[in-house]
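Reader: Please show me how to read some features of this structure, one at a time.

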Amino acid sequence: MEEKWWQQAIVYQIYPGSFQDTGENGIGDLRGIINRLKYIQSLGVTVIWLNPIFESPHIDNGYDVSNYYAIDPIFGTMKDVDELLNEAHKLGIKVIFDLVLNHTSDQHPWFQEALKGRDNPYRDFYIWSDPKPGGQLPNNWASFFGGSVWEREPLGDQFYFHLFAKEMPDLNWNNESVQQEIVKIAEYWLDKGVDGFRLDAFIHLDKAEGFPDVEAKDGEIVLAEEYYSNLENVTDYIADVARILRKKKPDIFILGEAASADVEMARRYSDPKNEACDTVVSFRFFPMDESHKDTRLPVNMQREKLDIAAFKEIMSEFQVGLEDIGGPTLYWNNHDMARMVSRFGDVEKDRDNSVKMLATLMYLQKGIPILLNGEEIGMKDLERSSIYDFKLPNEQFFREKALELGYSEEFVLHQLNAKSINASRGVMQWDTSEYAGFSIVPPWSGVNIEPSYTVEMQEKSDTSILNYYRQLLKYKKTPLFTKGQFKLLETNHQLYCYERTLGDLTALICCNFDSKEETMIDARLAKLPYNVLIENENNRIEGDTIALAPHGAIVIVFEKEPTNKN
Ligand code: GLC
């Protein structure tokens, strides 16, 4: 495969509202990002991905765009964008924007026009259906945000389709004018100097014709992924857009969000011969053990544990299945999920080793790392202290239902802190001042105050998580870890060990999920020259045995035995 710059990329996701506030209103802004570019560069990341910064009523944190050509004043101005792009580029950092192309805000002028009636030229920009006889919903499909995907228009008798909030009507990709408008938007930002896009929720662009009911009990509204996710036309829709954009900017980076894609679908979306995405993010990486959940409560609001055996299987499937096309994306968290150390590590008793282990495990595999801002200092989920601080409808529903079933407030709080959509959106912990250096006024999200998990404190220690990340990402950029062949090794259940091999070099990466010591035997340790490239605390090597500390991680590089010429 032809080599592309983004195959060596290390992406840093910035949730703009939570990164750095300079406007003294408790919301992060573009100027805040500009002021922190040197820090971002110091991590070794090469691409910034910004969650949406466009004009929006913020029903869904900016994913409901009302004007794709304007910057939302809460984040700054167009001048700030120009400056951000300029300054980032000077430091060798590329910038990609979130392109929301499955839906708009209901406040977008296209939708406002469409609402005017069936004859309006913008009517066909969206998806409409007549009611079933008796005025009922057109079908039984559920929206991802709860309730039906259908909402009755205020003035007429048709329903419009929304896969997310009812204030986010889906665009009709069967309409070529929609495609053309999205291309225009993308071209506008490319002209400004943006280096690529993260395609939001693109796997839903195609919906099943005729909107057939999905199998369900009478009167029930249920998720109908087979009718609105990963359907046949999706790849072509994206390829049509991508081809035009690549003509304009041949080295554009197109990163797709493909939540439910399995390996085969991920391959379809990112195989260069299909000319669609360069790579995609799949949410299938984390199969969870849900056996302990109480099914009387919403299962997606209850904590869960990683199913390690299934995780190993699925990760190596993605590694092997996408190996020849650059590998998958590598990530542990994003703005829609809990933070990595809270979800997969031991945040109470072994936080530092947990974070370092998880980072080592994930990022030295083949593929493109995507870090969520703050993970590089081991930030945990935003913790609220009262169950009444959770105000979203699904959070309130869970609280009421759990209390009704006799669960304690403590239990409810423990679940909500992990499962709230805002869990990972807490503000960046820069220093030890009152609001963690994020702002001088109370941050919109609340803030965790924990001095050891701030940039300020971690800059001062060679063994900090921050400095471990810097070192790890430096190694990640070397050919052994960008190009080397991946092989998962058979080990104890709690260990995740793999090799990367390139030419004469083999790296052995051993990671321990357990909260007790685990051992791994490798005969090469006694036979071949090796060096320990990087490790976290308290691991030991004795003879051919590696004793991995609780949540231990170690990377050992072997050179091939010199061949004896005599
Ligand atoms: C993506 C975003 C998520 C958003 C949704 C709708 O999944 O990551 O935050 O709610 O799309 O735009």
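Author: Start with a pair of strands: three bridges join strand 21 (residues 540-542) to strand 22, and the two run antiparallel. This is a predicted model, in which local features need pLDDT of at least 70 and side-chain atom pairs count only at pLDDT 80 or more, while totals for chains, interfaces and linings use all residues. Residues are numbered from 1 along each chain as its sequence is written, and side-chain values use heavy atoms, with hydrogens and water left out.

Reader: What counts as a strand, and when do two strands pair?

Author: Strands (E, at least two residues) and helices (H or I, at least four) are DSSP runs, numbered from the N terminus. Two strands pair if DSSP finds at least two bridges between them. Here, Arg540 stands opposite Ala547 in strand 22. The hairpin of strand 21 and strand 22 has two residues between the strands, and Gly543 takes a positive phi near 60 degrees in it.

Reader: Which other strand pairs with strand 22 (residues 545-548)?

Author: Strand 19 (residues 518-521) does, in the antiparallel sense and over four bridges. Glu518 has Leu548 in strand 22 as its bridge partner.

Reader: How is the order of an open sheet read, as in 6-8-7?

Author: In a regular strand the side chains alternate between the two faces of the sheet. The open sheet in question has three strands in the order 6-8-7, with antiparallel pairing. Its edge strands, strand 6 (128-129) and strand 7 (150-152), each pair on one side only. Strand 6 pairs with strand 8 (residues 159-161) over two bridges, and Ser129 stands opposite Phe159.

Reader: At what angle do helix 3 and helix 5 pack?

Author: Axes are lines fitted to C-alpha atoms, for helices over the stretch in contact, and angles run from 0 to 180 degrees between N-to-C directions. Helix 3 (residues 78-90) and helix 5 (residues 176-192) pack at about 60 degrees, with axes 10 Å apart. That makes helix 3 oblique to helix 5; angles under 35 degrees count as roughly parallel, over 145 as roughly antiparallel, 65 to 115 as roughly perpendicular and the rest as oblique.

Reader: Which residues meet there?

Author: Contact means heavy atoms within 4.5 Å. Met78, Val81, Asp82 and Leu85 in helix 3 meet Tyr188, Trp189 and Lys192 in helix 5.
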